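Colleague: Can you walk me through this one? I'd like to start with the sheet and then get to the ligand.

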Amino acid sequence: MKELRSPSTLFLPKPVVLVSTAHGGRDNVMTAAWVSVVCMEPPQVAVAVRETRYTYELIQAGGEFVVNIPSRDLWRAVDLCGVVSGRDRDKFDLAGLTRERASEVDAPLVAECPLNIECRVCASLPLGSHTLFVGLVLAVHLEGKCLGEKGKILTEEFHPYVLNQREYWSMGMRLGGYGDAAAELEVIP
Ligand SMILES: Cc1cc2nc3c(=O)[nH]c(=O)nc-3n(C[C@H](O)[C@H](O)[C@H](O)COP(=O)(O)O)c2cc1C
């Protein structure tokens, strides 16, 4: 028996990333879970940012951001960047994160994150409390030890994790492969 709930953003799990930004000689890093891939060609990702965030100000002004995907061992640093504002503190210092020069944008990469996606804002959609910034991917950096054969990311080296309600969870067991179920039933000719 399911309970009928009022409309909300109840949704799980969500990815957890660090969004880094820069403008006018200042930079910042913010935790975001409202983030997704939104287009393949050209490659685009999107992040929903509340208008009160310093990150919102920097993205609006600079027109760019970097999505940095952390490994599970960084969860405490990432959590910190999600409760403190860059208006008040240098969160790179606070969380022990290192700035690394990006190749296409002024916003820094977070060196400790094995995957960094440089983006230029190509669309923004004010939705209410949050604005959805769509970023055209300009460059991708992947830590060498996480790279397997045929460009596959090695999960056991990367150790991605997710936000499951208000808790951080690492990945559990592998269930199967994309298309395995269809292949077993031979539904695809
Ligand atoms: C796990 C987690 C996920 C979050 N996801 C988002 C998000 O997707 N969008 C957003 O605007 N704020 C999000 N926040 C809140 C911001 O990270 C937080 O308000 C931060 O202090 C804003 O930093 P800034 O003012 O330096 O930009 C999240 C916080 C946490 C802990």
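Modeller: Residues are numbered from 1 along each chain as its sequence is written. It's a predicted model, so local features need pLDDT of at least 70, side-chain atom pairs count only at pLDDT 80 or more, and totals for chains, interfaces and linings use all residues.

Colleague: How many bridges join S2 to S3?

Modeller: S2 covers residues 17-23 and runs antiparallel to S3. Ser-20, for one, stands opposite Val-29 in S3. The number of bridges joining S2 to S3 is 7.

Colleague: What does Val-19 contact, leaving aside neighbours within four places in sequence?

Modeller: Contact means C-beta atoms, placed from the backbone, within 7 Å. On that basis, Val-19 is in contact with Met-30, Ala-32, Val-47, Thr-55, Phe-65 and Val-67.

Colleague: And which element gives the most residues to the shell around the ligand?

Modeller: 21 residues surround the ligand, including Trp-34 and Thr-55 among the closest; near means a C-beta atom, placed from the backbone, within 6 Å. Elements giving two or more are S3 (26-32), S5 (44-50) and helix H1 (54-62), where helices are DSSP runs (H or I) of at least four residues. With 4 residues, the top contributor is S3.

Definitions and conventions:
Two residues are in contact if their C-beta atoms, placed from the backbone, lie within 7 Å. Two strands pair if DSSP finds at least two bridges between them.
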